Amino acid sequence: MLRSCAARLRPLLVAHGRPGGARLTSTFSFEEVTQKDHALPKPSWSKDLRLLFDQFMKKCEDGSWERLPSCSRHSVQRFQNFTKAFFSGSIPVKEEQISQAKFFPRSFEDGLGFEYAMFWSKDEKRIVCLFQGGLYLQGIPGFLHGGALVTLIDTTLGTHAMLAGGAVMTANLSINFKRPMPLCSVGVINTQLDKIEGRKLFVSCNIQSVDEKTVYTEGTGKKLLLSSCLASSLSLSPSFFFSFVLVYNPHMPINF
Ligand SMILES: CCCCCCCC(=O)SCCNC(=O)CCNC(=O)[C@H](O)C(C)(C)COP(=O)(O)OP(=O)(O)OC[C@H]1O[C@@H](n2cnc3c(N)ncnc32)[C@H](O)[C@@H]1OP(=O)(O)O
């Protein structure tokens, strides 16, 4: 099984110039040097978001936490590698469409949509996503649309599942909206991996206010690994395994 998994991953690694999966030190820059990292402070960020971001950057200094860079597009090459690996190259999307496609949560102009940055703790095995929901994400007047919250929950849980196991798709997502979240306010998503059963990863999270006094939303998701070999891929070398995750996920740790 692992051999067939490795065979499927080989083209992805070769495409990244890393046959054999050499240690990755700056994965974000080696492939798409022109890609902008969106998980960095911008003028559109509120003071609260900026403060929280700085606090987590401080936690990154001793290596216990890592900021996950985030890009908005996949290159056509990445797309082709991904479809070849998991869908036998048969996704019915044209190349010119792919070059224009954007990762949904990163498709708004600065300040109008999702502003967010994720931090990953390898030891605690959790992600914290700091975010601010912009003006174009309104649902009922003055508050964030539930679908916007679900988008960010799915993205964060998906990223956690990928870091824990490999390429996943969401099979099931259950959401409890506890309190409406004001537009343009800052929220904190905390994720956890509850269990892994074969190809199934059970992940959950909540969204809290910055002062932790209000829980806005809770989410529980079941993520399905796209290849049955990937649960066991944890026994592969981390760099080999990570090279694979990199192909799929726009949120990429620098040192995995
Ligand atoms: C940037 C990174 C984050 C991005 C996050 C964004 C994530 C997404 O938006 S993904 C898009 C939304 N999701 C989709 O489109 C998925 C569509 N569904 C599918 O492709 C398939 O149904 C898929 C892949 C989930 C599962 O299909 P398949 O591999 O054939 O699973 P299958 O063999 O039927 O079932 C495997 C197991 O999963 C369970 N399962 C399958 N589907 C579901 C489901 N919908 N709910 C609960 N359990 C399920 C089955 O019961 C089975 O369990 P068991 O092994 O205990 O019998």
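Which residues come nearest to the ligand, of the 16 around it? I began there and noted Thr170, Ala171, Arg199, Lys200 and Lys222. A residue counts as near if one of its heavy atoms lies within 4 Å of the molecule or strand in question.

**Entry: ground rules**

I am working on a predicted model, where local features need pLDDT of at least 70, side-chain atom pairs count only at pLDDT 80 or more, and totals for chains, interfaces and linings use all residues. Residues are numbered from 1 along each chain as its sequence is written, and side-chain values use heavy atoms, with hydrogens and water left out.

**Entry: overall layout**

I found seven helices and seven strands in the protein. Helices (H or I, at least four residues) and strands (E, at least two) are DSSP runs, numbered from the N terminus. Along the sequence I read the pattern α-α-α-β-α-α-β-β-α-β-β-β-β-α. Of the 256 residues, 48% count as buried. Buried means under 20% relative accessible area, exposed means over 50%, and partly exposed is in between (1.4 Å probe, protein chains only).

**Entry: ligand**

A ligand nitrogen sits 2.9 Å from a polar backbone atom of Ala171. A polar side-chain atom of Lys222 is likewise 2.9 Å from a nitrogen atom of the ligand. For Arg199, an N or O atom of the side chain is 2.7 Å from an oxygen atom of the ligand. The ligand has 1100 Å² of accessible area on its own, and the protein covers 48% of this. Accessible areas come from the Shrake-Rupley method with a 1.4 Å probe; for residues, only the protein chains shown count as cover.

I then sorted the shell by residue class and got six nonpolar, six polar and four charged. In this scheme Ala, Val, Leu, Ile, Met, Phe, Trp, Tyr, Cys and Pro are nonpolar, Asp, Glu, Lys and Arg are charged, and the others, Gly among them, are polar. Helix 6 (146-164), strand 4 (168-177) and strand 7 (215-225) each give the shell at least two residues.

**Entry: Lys223**

I placed Lys223 in strand 7. Is Lys223 buried or exposed? Lys223 is buried, at a relative accessible area of 1%. Its side chain has a polar contact with the side chain of Asp154 at 2.5 Å and another with the side chain of Thr170 at 2.8 Å. A polar contact is a pair of N or O atoms within 3.5 Å; within protein, one must be able to donate a hydrogen and the other to accept it, and residues adjacent in sequence count only if both atoms are side-chain atoms. Thr170 was also noted above among the residues that come nearest to the ligand.

I went through strand 2 (residues 114-121) and found eight of its eight residues buried. Phe114, Tyr116, Met118 and Trp120 point one way, Glu115, Ala117, Phe119 and Ser121 the other way. In a regular strand the side chains alternate between the two faces of the sheet.

Strand 2 pairs with strand 1 (residues 66-68) in the antiparallel sense over three bridges, and Arg67 stands opposite Phe119. With strand 3 (residues 126-133), strand 2 pairs in the antiparallel sense over eight bridges; there Trp120 has Ile127 as its bridge partner. Two strands pair if DSSP finds at least two bridges between them.

**Entry: positive phi**

Strands 2 and 3 form a hairpin with four residues between them. Lys125, in that turn, has a positive phi of about 50° and is not a glycine. I listed Cys184 as well, with phi near 70°, in the loop between strand 4 and strand 5. Cys184 counts as partly exposed because its relative accessibility is 35%. Most residues other than glycine have a negative phi.

I found Asp37 in the loop between helix 2 (27-31) and helix 3 (47-60). Asp37 is buried, at 13% relative accessible area. Its side chain reaches the backbone nitrogen of Ala39 at 3.1 Å and that of Ser70 at 3.1 Å.

Asn190 lies in strand 5 (residues 186-197) and counts as partly exposed, at 22% relative accessibility. Asn190 and Thr156 are 34 residues apart in sequence, and their C-alpha atoms are 8.8 Å apart.

**Entry: record**

UniProt lists residues 142-214 as "domain: Thioesterase" in an unreviewed entry. Positions follow the numbering used here, feature names are shortened, and annotations may be inferred rather than shown by experiment. In the model this span is 26% helix and 44% strand, with its end C-alpha atoms 17 Å apart.
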